[in-house]
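I opened the entry and noted what I looked up, item by item. The sequence and the structure come first.

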Amino acid sequence: MAGASIDRGIKAVTGKQKRYSVFSLAKNASSYHQNWQQAWRHAEPKPEYDAVIIGGGGHGLATAYYLASVHNMTNIAVIEKGWLGGGNTGRNTTIIRSNYLWDESAAIYEHALKLWEGLAQDLNFNIMFSQRGVLTIAHSEHELKEMSRRVHAIRLNGIDSEVLGPDEIAKFVPCINMDQSIRYPVMGGFLQQRGGTARHDAVAWGYARAADDMGVDIIQNCEVTGLKRSGRRITGIQTTKGFIKTRKVGCVVAGHSSLLAEMAGIHLPIASRPLQALVSEPIKPVLDTVIMSNAVHMYISQSDKGEMVLGAGVDKYNSYAQRGSFPVPEHMIAAAVELFPFLSRLRMLRHWGGIVDTCPDASPIISKTDIDGLYFNCGWGTGGFKATPGSGHVFADLIAQDRPNAIAAPYALSRFETGLLIDEHGAAGVAH
Ligand SMILES: Cc1cc2nc3c(=O)[nH]c(=O)nc-3n(C[C@H](O)[C@H](O)[C@H](O)COP(=O)(O)OP(=O)(O)OC[C@H]3O[C@@H](n4cnc5c(N)ncnc54)[C@H](O)[C@@H]3O)c2cc1C
């Protein structure tokens, strides 16, 4: 589990950014936002940085923020080919939890959850973190037994988790269909009450604003097209805005990780696949928790705007197209309507896909490479949003110190040679 130095890192992450007063908010609102202060500068690349982070999603921005706030590395840049949060960060269904099976997973996801609990204060930004609970339901005796094993393992790691019986579920989620004659009846489940959701865009914006306040250059609409090296050392990156010299490069590009790795002649054990989600038209509050079902491959929550947010498993083929095939939403909606019959009367508002980076053991990669100064953080697959603060925190540590801390060490690329895999496929049935 997290060592003392990691705890110190958490405590160091406070109070470094500007405060924005209520008065300036009111003044700007009454001027029709004409003098509205930009949340972050539109930086242009400098010729050289101490470190460059490729990818302006939550993980990349969090990495930059912790490099600056914990390690005092402020001569750094985040390079994003599109707009901040336009990748999976802005496309995900925002489920946050830390109830994984193995000790290594418990360490990183719980580290992240602890950071989530103080993140709005740390960033001075309302990320709308809501610990409304995540309930995973069981539809068979076998699933129930498996869940009870998981709950024991999770609790042994000091993480909250409890088994709920059918009566408790009916009370906790009054709108769920408890009819035992349906295709997949609800027979029980397990709950992490500290789990929940957060506003995905706000997480990207909050990290970006706080990092910018400390001097980090955030460069959007700038694609990295090449990684330059001299022998076994990285020396810079080629971008659509020119060459940038640097001796440290952190790649945090999720579904595009294999493409970046290829630029350095590295082959990653990653498959990129579409993952879809959709939201309904908004309705009054009806569901105040997150429900997941691995057996029927569906999960659902209600956004603060009132939309029902639904997702399922990955499409069955590799692709870089940010959309998916029709059978996945069809299957997802059938399962959702069976569990929540009132959904059948709702219309769909939006539907989209993102490209997720899946590893053979359904666990991430946080690693140095054979090339000095080149680091990868990827492989979060269908479930990396929840890890955003923890991932950024330990990745910043790895880049700054050039060695992994206790939490990051098991996630090195070398595990695919040693066989020390962290198989979270059970948690990754619907790993959100
Ligand atoms: C539909 C869907 C639902 C999901 N639901 C959940 C959930 O409920 N809970 C959960 O924990 N996780 C969920 N996930 C997974 C989660 O979204 C991701 O694991 C996480 O957001 C990854 O964050 P990131 O910052 O690493 O990647 P991203 O947000 O994808 O950021 C990577 C960035 O890199 C940029 N980039 C790529 N190539 C280049 C280049 N050459 N040069 C410059 N920039 C480049 C991209 O434009 C992108 O903005 C879901 C994902 C999807 C698609």
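Are α4 and α10 roughly parallel or roughly perpendicular to each other? Before answering I noted the ground rules. I am working on a predicted model, in which local features need pLDDT of at least 70, side-chain atom pairs count only at pLDDT 80 or more, and totals for chains, interfaces and linings use all residues. Residues are numbered from 1 along each chain as its sequence is written.

**Helix pair.** I found that α4 and α10 pack at an angle of about 110 degrees, with their axes 6 Å apart. Axes here are lines fitted to C-alpha atoms, for helices over the stretch in contact, and angles run from 0 to 180 degrees between N-to-C directions. The two helices, α4 and α10, are therefore roughly perpendicular, given that angles under 35 degrees count as roughly parallel, over 145 as roughly antiparallel, 65 to 115 as roughly perpendicular and the rest as oblique. On the α4 side I listed Ile108, Tyr109, His111, Ala112, Leu115, Trp116 and Leu119, and on the α10 side Thr388, Pro389, Gly390, Ser391 and His393. Two residues are in contact if their C-beta atoms, placed from the backbone, lie within 7 Å. The residues of this contact divide into seven nonpolar, five polar and no charged; Ala, Val, Leu, Ile, Met, Phe, Trp, Tyr, Cys and Pro count as nonpolar, Asp, Glu, Lys and Arg as charged, and the others, Gly among them, as polar.

**Whole chain.** I recorded eleven helices and 19 strands in the protein chain. Helices (H or I, at least four residues) and strands (E, at least two) are DSSP runs, numbered from the N terminus. The radius of gyration is 21 Å, close to the 22 Å that the globule rule gives for 432 residues, so the chain is as compact as a globular protein of that length. That radius is taken over C-alpha atoms, and the rule is 2.2 Å times the number of residues to the power 0.38. Of the 432 residues, 50% count as buried. For burial, 20 or more other C-beta atoms within 10 Å of a residue's own make it buried, 12 or fewer exposed, and anything in between partly exposed, with C-beta atoms placed from the backbone. Among contacts between residues at least 6 apart in sequence, 76% join residues at least 24 apart.

**Helix α7.** I looked at α7 (residues 200-213) next: ten of its 14 residues are buried. Those buried residues include His200, Tyr207, Arg209 and Asp212. They pack against α3 (58-71), α4 (103-123), β8 (217-219) and α10 (388-401). After α7 comes Gly215, with a positive phi near 105 degrees.

Thr94 has phi near 65 degrees and sits in the loop between β2 (76-79) and β3 (95-96). I counted Thr94 as buried, with 23 C-beta neighbours inside 10 Å. Asp402 has a positive phi of about 60 degrees and lies in the loop between α10 and α11 (415-418). Asp402 is exposed, with 12 other C-beta atoms within 10 Å.

**Two glycines.** Gly55 is in the loop between β1 (51-54) and α3 and counts as buried, with 26 C-beta neighbours inside 10 Å. Leaving aside its neighbours within four places in sequence, I noted contacts of Gly55 with Gly60, Glu80, Cys251, Val252 and Val253. Gly165 is in the loop between β5 (162-164) and α6 (166-172) and counts as exposed, with 11 C-beta neighbours inside 10 Å.
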